[in-house]
Amino acid sequence: ESKALLYDVLERVGLRHWKSAANFVLVDGGDHARTLVEGLIARGVLVRDRSKDPHTPTHFRITTGVVEHTRAAVDALEALCAKPS
């Protein structure tokens with residue numbers, strides 16, 4: 001259920017990601033990767049910055065598991081990716 005929630009928000013906000021059998025999802029934050037990582041961490045979302053790996057310079061991993069925590073990650077992603085009106 002957690003991964004389904006995460007996949008759904010990533011599709012909605014237009015972030016490229018890879019489906020996973022593990023307890024995390026790899027996300028390409030593109031030009032906004034640093035802002036997304038910092039914003040998610042500031043909101044208490046468990047992420048692992050992958051930008052130091054030369055193969056994933058704009059990527060991060062979001063941990064899934066407890067549905068309540070994933071809902072917080074979904075809310076944070078939606079807020080961070082919202083287009084200013």
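The dialogue below takes these features in turn.

A: This is a predicted model, in which local features need pLDDT of at least 70 and side-chain atom pairs count only at pLDDT 80 or more, while totals for chains, interfaces and linings use all residues. Residues are numbered from 1 along each chain as its sequence is written, and side-chain values use heavy atoms, with hydrogens and water left out.

Q: Which residues have the most contacts inside the largest nonpolar core?

A: A nonpolar core is a set of buried Ala, Val, Leu, Ile, Met, Phe, Trp, Tyr and Cys residues joined through side-chain atoms within 4.5 Å. Buried means under 20% relative accessible area, exposed over 50%, and partly exposed in between (1.4 Å probe, protein chains only). Here the largest such core has 18 residues, and Leu10, Leu40, Phe60, Ile62 and Leu77 have the most contacts inside it. At least two core residues come from each of helix 1 (2-13), strand 2 (24-28), helix 2 (33-42), strand 4 (59-63) and helix 3 (67-81). Helices (H or I, at least four residues) and strands (E, at least two) are DSSP runs, numbered from the N terminus.

Q: What is Phe60 in contact with, leaving aside its neighbours within four places in sequence?

A: Contact means heavy atoms within 4.5 Å. With those neighbours left aside, the partners of Phe60 include Val25, Leu36, Leu40, Val47 and Asp49.

Q: Which residues of helix 2 are buried, and what covers them?

A: Ala33, Leu36, Val37, Gly39 and Leu40 are the buried ones. Their cover includes strand 3 (47-49), strand 4 and helix 3. From helix 3, Ala73 touches Leu40 and Val45, not counting residues up to four places away in sequence. Ala73 is itself buried, at a relative accessible area of 3%.

Q: How many salt bridges does the structure hold?

A: A salt bridge is a side-chain nitrogen of Lys or Arg within 4 Å of a carboxyl oxygen of Asp or Glu. The structure holds six. In one of them, Glu78 meets Arg12 at 2.1 Å, N to O; this pair links helix 3 to helix 1 across 66 residues. Asp8 joins Arg12 and Glu78 in a network of salt bridges.

Q: Which salt bridges does Arg34 form with Glu38 and Asp49, and at what N to O distances?

A: Arg34 meets Glu38 at 3.8 Å, and both lie in helix 2, four residues apart, about one turn. Arg34 also meets Asp49 at 2.5 Å. Asp49 lies in strand 3 and Arg34 in helix 2, so this pair ties together parts 15 residues apart in sequence. Arg34 is partly exposed at 42% relative accessibility, and Asp49 is partly exposed at 30%.
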